[in-house]
Amino acid sequence: IKVDFNYNKLISQLGCSVLADGISNLVQLEDLTLWFMRCPGISDAALQQIGRLLGARTSLRNLSLSLSQTKFSEGAISGFSEGISQLCKLETFCLELISTPITDNGVKCLLDDLSSLKQISQFKFNLNLCKSLTDESVNYIIGFLKKQSL
């Protein structure tokens with residue numbers, strides 16, 4: 001399933017709730033692509049809800065998610081990554097956070113939660129144009145890749 005909300009100024013917390021309800025009925029969902037690029041309505045609460053929604057889809061094997069050019073806080077990344085960390089069958093994970101406010105601590109939190117996913121064999125993490133990141137994030141990513149043997 002591919003859901004593309006790129007450049008959609010109307011998607012909001014309510015839209016994420018409707019999406020969550022629709023996907024919640026897909027018990028055997030294995031492949032999912034969600035693109036929210038440039039959706040100003042993707043708030044902290046929406047991002048955490050997306051994480052919970054995805055975490056409940058334990059059958060997911062392939063997940064591609066773009067949150068590029070959205071705005072969220074450090075706390076939202078934590079709630080989001082806790083949900084994603086429930087995907088015990090996840091093999092392929094692509095996450096785009098291009099030009100977002102994610103910080104080194106957010107990258108660390110996300111990767112710490114994802115390190116519990118031992119089935120990941122393909123991983124793409126795009127952090128282009130994230131102005132708050134330093135070399136510390138590169139070290140977290142390298143450490144994650146080594147732990148995962150990727």
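**Helix packing and strand pairing**

Modeller: Helices α4 and α5 are roughly parallel to each other, a label used for angles under 35 degrees, whereas over 145 is roughly antiparallel, 65 to 115 roughly perpendicular and the rest oblique. This is a predicted model, in which local features need pLDDT of at least 70 and side-chain atom pairs count only at pLDDT 80 or more, while totals for chains, interfaces and linings use all residues. Residues are numbered from 1 along each chain as its sequence is written, and side-chain values use heavy atoms, with hydrogens and water left out.

Biologist: At what angle do the axes of α4 and α5 cross?

Modeller: The axes of α4 and α5 (residues 135–148) cross at roughly 10° and come within 9 Å; axes are lines fitted to C-alpha atoms, for helices over the stretch in contact, with angles from 0 to 180 degrees between N-to-C directions. Helices (H or I, at least four residues) and strands (E, at least two) are DSSP runs, numbered from the N terminus.

Biologist: Which residues make that contact?

Modeller: With contact meaning heavy atoms within 4.5 Å, the α4 side includes Val-107, Leu-111 and Leu-114, and the α5 side includes Tyr-140, Ile-141 and Phe-144. By class, the contact of α4 with α5 has six nonpolar, two polar and three charged residues, where Ala, Val, Leu, Ile, Met, Phe, Trp, Tyr, Cys and Pro count as nonpolar, Asp, Glu, Lys and Arg as charged, and the others, Gly among them, as polar.

Biologist: And how far apart are the axes of α3 and α4?

Modeller: The axes of α3 (residues 74–84) and α4 (residues 104–114) are 8 Å apart, at an angle of about 10°, which makes α3 roughly parallel to α4. Among the residues in this contact are Ile-77 and Phe-80 of α3 and Cys-109 and Leu-110 of α4, and the contact divides into six nonpolar, four polar and three charged residues.

Biologist: What about α2 and α3, what is the angle there?

Modeller: Helix α2 (residues 44–55) packs against α3 at about 10°, with the axes 7 Å apart. Residues including Leu-47, Ile-50 and Gly-51 in α2 meet residues including Ala-76, Gly-79 and Gly-83 in α3, and by class this contact has seven nonpolar, six polar and two charged residues.

Biologist: Switching to strands, in which sense do β4 and β5 pair?

Modeller: Strands β4 (residues 92–96) and β5 (residues 122–126) pair in the parallel sense over five bridges, pairing being called where DSSP finds at least two bridges between two strands. Phe-93 has Phe-123 in β5 as its bridge partner.
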